[in-house]
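Visitor: I would like to learn how to read a structure of this kind, feature by feature. Could you take me through one slowly?

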Amino acid sequence: MKFITQQYSIPDVPMQPFIDPEEIINILRNTSPDKAYIKDVIDKSLAKNRLSLQETAVLVNTTDPELVEMIKQGARTLKETVYGNRIVLFAPLYIGNKCKNNCTYCGFRASNKDAVRKTLNDAEIVKEIEALEDNGQKRLILVFGEHDQYDPEFIAHCAKLSYSVKKGNGEIRRVNINAAPLEIDGFRIVKEAGIGTFQIFQETYHPEAYKSYHLRGKKADFNYRLTSLDRAQEAGLDDVGIGALFGLYDWRYEVLALVRHTNHLEACYNVGPHTISFPRIKDASMLKMGNQHLVNDADFAKMIAILRLAVPYTGMILTAREPKIIRDECINYGVSQIDGGTKLELGSYSNSQNTEQDLNKGQFRINDDRSLNEVIDELLDKNMLPSFCTACYRLGRTGEHFMEFSVPGFIKRFCSPNAILTLAEYLHDYAPEKTAQKGWEVIESNINVLPDENVKTKLRERLLELKNGKRDLYF
Ligand code: SAM
Ligand code: SF4
């Protein structure tokens with residue numbers, strides 16, 4: 001697929017900054033929505049095209065409740081027709097919270113003397129991974145503060161260690177990373193360790209606002225962070241995740257900037273981001289933040305629907321920062337990945353006595369503390385298909401979201417059968433009886449709607465192999 005590139009005030013050059021705040025603000029100011037235009041924009045997205053900044057601004061500026069509902073319905077339709085009912089599950093694993101930066105919104109910031117600092121050692125990482133595997137997790141994101149100790153070799157070591165831990169039928173099959181930006185050589189080192197996605201959130205794409213939250217440390221350099229995923233691409237790491245921390249600046253601006261970042265990567269590397277994240281600021285130890293730009297629930301839901309339509313081919317991640325009620329609603333607008341059984345305190349997966357959140361030990365407060373099984377059980381109640389699939393990554397089919405989106409029939413041939421196989425593994429190995437019963441029913445109804453008899457037959461054969469003790473089967 002060839003991306004349609006647009007001309008912006010700052011031309012797209014690899015490893016060069018590309019954000020012009022005036023341009024984004026002007027687009028927002030000069031775009032007014034009317035019903036016919038909004039409908040055209042939604043139709044363009046449903047025809048599987050990424051939206052331009054102007055078209056995204058039309059959606060962002062829509063406030064009439066009837067038209068907002070039209071946008072949300074557009075996102076629901078896109079999700080249903082393109083992606084279906086799968087939700088990929090993962091868990092974050094905090095490796096170390098030492099940090100030299102001082103981001104005002106973060107509990108790990110250097111000046112927060114109340115934060116209890118810790119870096120897991122190898123034995124502790126192994127214990128955490130065993131506990132995660134015992135719950136049925138297969139996909140992790142390792143999270144790090146920014147500190148000299150967390151250099152590329154250390155990150156690569158943690159990734160390799162994670163892959164090496166096997167307990168019972170448990171294993172970690174995909175390790176993503178959320179850590180500070182690296183140099184090109186550093187990205188090469190972590191890529192060689194077999195990582196999946198490298199996520200770096202710009203936090204805010206507004207340079208002045210950015211400055212006010214990042215007064216010192218390496219993170220104070222806006223452009224160094226902005227171009228970090230270009231460096232990942234230069235290193236051959238083409239699986240990258242972008243994001244903005246909502247609440248730092250006007251959400252409307254951030255949405256357009258995320259689209260701008262997307263088309264910068266498309267223009268320079270012919271590949272967009274693998275995932276987009278849109279965390280909202282949550283309570284943190286000694287949090288000192290104004291509330292001028294906090295995003296309310298209604299705008300947040302609308303924003304997710306707009307992002308789904310604006311960049312229809314990416315994965316979208318919604319974490320346990322958000323309460324269950326918000327997650328339940330927003331999944332319908334096209335979220336493709338959620339975490340389950342999440343714990344942020346270092347070492348807390350293996351220390352199950354720790355149930356209360358201690359803000360001084362975690363980065364921020366999570367608002368959905370359901371166990372992985374509770375999340376799965378409730379997804380099954382909604383006839384959704386929880387998935388731990390890692391097949392594309394394992395087979396070298398990178399950019400799986402893009403393939404799901406652009407290759408006709410890909411989902412029905414690969415994604416749905418693989419989701420079913422990974423759910424079946426979970427049901428055999430980890431689910432309580434009640435969840436297992438529901439799960440097998442959902443699996444049966446999902447097999448029945450697969451269009452290709454050949455795929456159905458092969459899938460049933462593999463399900464039988466799983467029943468007989470084989471594991472890790474995929475298409
Ligand atoms: N230290 C690395 C960095 O800053 O890029 C790794 C990321 S940090 C551990 C993960 C992300 O959490 C940050 O990029 C930020 O967007 C988000 N975050 C920080 N403080 C938060 C808060 N109070 N509420 C919600 N998300 C927060
Ligand atoms: Fe450190 Fe990252 Fe927190 Fe900033 S967001 S203080 S860099 S851990």
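Guide: What follows is a conversation about two ligands and a few residues of this structure. This is a predicted model, in which local features need pLDDT of at least 70 and side-chain atom pairs count only at pLDDT 80 or more, while totals for chains, interfaces and linings use all residues. Residues are numbered from 1 along each chain as its sequence is written, chains are lettered from A and ligands numbered from 1 in the order in which they are written, and side-chain values use heavy atoms, with hydrogens and water left out.

Visitor: Which residues come nearest to ligand 1?

Guide: A residue is near a molecule if one of its heavy atoms lies within 4 Å of it. Around ligand 1 there are 21 residues, of which Tyr 105, Glu 203, Lys 219, Arg 225 and Lys 282 come nearest. By class, where Ala, Val, Leu, Ile, Met, Phe, Trp, Tyr, Cys and Pro count as nonpolar, Asp, Glu, Lys and Arg as charged, and the others, Gly among them, as polar, this shell divides into 11 nonpolar, 3 polar and 7 charged residues.

Visitor: What lies 2.5 Å from an oxygen atom of ligand 1?

Guide: The general idea is the polar contact, here a pair of N or O atoms within 3.5 Å. In this case a polar side-chain atom of Glu 203 lies 2.5 Å from an oxygen atom of ligand 1, and an N or O atom in the side chain of Lys 219 is 2.8 Å from an oxygen atom of the ligand.

Visitor: Is Glu 203 buried or exposed?

Guide: Buried means under 20% relative accessible area, exposed over 50%, and partly exposed in between, with a 1.4 Å probe and protein chains only. Glu 203 has a relative accessible area of 7%, so Glu 203 is buried. Glu 203 lies in the loop between strand E6 (198-199) and helix H8, where helices (H or I, at least four residues) and strands (E, at least two) are DSSP runs, numbered from the N terminus. Its phi is positive, about 70°, although Glu 203 is not a glycine.

Visitor: What is the phi of Met 15?

Guide: Phi of Met 15 is near 65°, a positive value in a residue other than glycine. Met 15 belongs to the segment before helix H1 (21-29), and its relative accessible area is 32%, which means that Met 15 is partly exposed.

Visitor: Where is Tyr 210 placed?

Guide: Tyr 210 is in helix H8, residues 207-213, and counts as buried because its relative accessibility is 1%. Tyr 210 and Ala 220 are 10 residues apart in sequence, and their C-alpha atoms are 7.9 Å apart in space.

Methods
Polar contact = N/O pair within 3.5 Å; in protein donor to acceptor, adjacent residues only side chain to side chain.
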